[in-house]
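I opened my notebook for a structure I had not looked at before. I wanted a few plain entries on what I could look up.

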Amino acid sequence: LSLLLEATLLRLASGSHHPFYNGFYYNHIMNDKGNGQEKVVSFNGVRLVVETPKDPVYSSSGANVTLPCHYHYEPDIEAKRKIRIKWSKLRDDYTKEQDVLVAIGKTYMAFGDFRGRAHLHQTGRREASLVISDVRLQDDGKYRCEVIDGLEDERDVVDLRLQGIVFPYQPPRGQYRLNFHEAEQVCQEQGAILATFNQLFQAWSEGLDWCNAGWLADGTVQYPIRQPRKPCGGVHLAPGIRSYGPRHRHLHRFDAFCFSSALKGEVFYLDRPAGMTLEEAKQSCQDVGAEIARVGQLYSAWKFLGLDRCDAGWLADGSIRYPIAKPRANCGPAEPGVRSFGFPSKGRFGVFCYKER
């Protein structure tokens with residue numbers, strides 16, 4: 001019986017196109033008038049309704065989150081029914097999906113990166129909510145809850161958004177040196193991922209203004225402008241996200257926009273009277289049971305923990321930066337932010353370390 005259930009679950013998960021055959025039925029058919037409108041096929045005059053929150057659900061990296069999904073019948077029926085549930089993660093353009101979890105009764109199966117992290121929350125009557133534990137940066141996005149009852153198949157979408165920060169990144173080699181795959185790599189090395197357009201737009205709405213174009217997760221190249229100016233698309237264009245559109249992922253080279261979320265641990269500063277080289281800085285962090293902080297960790301500590309330090313320090317990529325939450329004299333510009341001294345080939349500085357809680 002368990003093998004049969006597993007085979008059925010796998011078959012249910014395989015449907016990835018819309019409209020699609022999911023092993024049971026088609027839910028919508030064309031009406032008799034042939035005018036392109038659909039009509040819903042209901043069983044015995046009873047309609048299945050699936051409901052999810054219209055507002056986004058917010059979480060952060062490392063947390064546990066529940067994506068609510070409930071279903072009911074119109075008119076209501078009391079009899080218990082054998083329900084099949086499928087959760088999928090969607091792309092922003094809805095052209096592709098990733099199987100997350102499928103369930104029949106109390107038997108369920110999670111897939112891919114969600115294996116061991118996803119399960120159903122069914123404490124309430126007719127509940128099909130999804131629980132994701134140890135949330136990862138890649139979990140940000142839209143999820144579809146699909147409930148199947150015989151000839152009825154209804155679904156709705158939940159938007160999971162991670163509380164995070166977008167930051168532009170240039171490697172030590174300088175401006176516009178990264179193809180798409182290298183941009184993905186440098187963001188990962190800094191404890192982040194390539195930002196999505198929605199994340200960049202949110203950062204722009206919160207004040208991000210950056211004139212250098214950078215890769216996004218969908219392979220497009222864009223940049224956010226709050227104050228229009230001649231080198232950044234012209235003074236006559238309205239503020240907004242400037243776009244170069246999709247670029248060749250191997251041949252074209254730009255900077256990167258990375259996305260990092262809240263931290264499980266803390267970032268703190270160490271120094272010596274004579275300062276430290278980069279290698280000495282790495283060792284100093286290890287000596288106190290920590291590691292040298294990455295750029296994404298410093299931005300997250302500044303954004304979410306209010307880290308404020310007017311002392312420059314090494315980071316893992318060999319850059320020198322410092323976070324200012326409360327601008328003041330001799331600490332850079334009048335706006336809060338993470339200041340950068342670039343990638344010095346020599347010099348002695350303090351260091352920012354990161355330690356898990």
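**Around R339**

I started with a side chain: a polar atom of R339 lies 2.7 Å from the backbone oxygen of E335. I noted that the model is predicted, that local features need pLDDT of at least 70 and side-chain atom pairs pLDDT 80 or more, while totals for chains, interfaces and linings use all residues. Residues are numbered from 1 along each chain as its sequence is written, and side-chain values use heavy atoms, with hydrogens and water left out.

I placed R339 in strand β24, residues 337-340. Strands are DSSP runs of E, at least two residues, and helices are runs of H or I, at least four, numbered from the N terminus.

Is R339 buried or exposed? I found R339 buried; that means under 20% relative accessible area, with exposed over 50% and partly exposed in between, using a 1.4 Å probe and protein chains only. R339 has no salt bridge, which would take a Lys or Arg side-chain nitrogen within 4 Å of an Asp or Glu carboxyl oxygen. The nearest side chain of opposite charge, E335, is 5.8 Å away.

I also looked up contacts, meaning heavy atoms within 4.5 Å. Beyond four places in sequence, R339 touches residues including Y322, P327 and C331.

**Around K82**

I found K82 in the loop between β6 (70-74) and β7 (84-90). K82 is exposed, at 55% relative accessible area. Leaving aside neighbours within four places, K82 contacts I104, I148 and D149.

**Whole chain**

I counted five helices and 25 strands. Of 357 residues, 47% are buried.

How values were computed: Lys, Arg positive; Asp, Glu negative; His and termini not counted. Polar contact = N/O pair within 3.5 Å; in protein donor to acceptor, adjacent residues only side chain to side chain.
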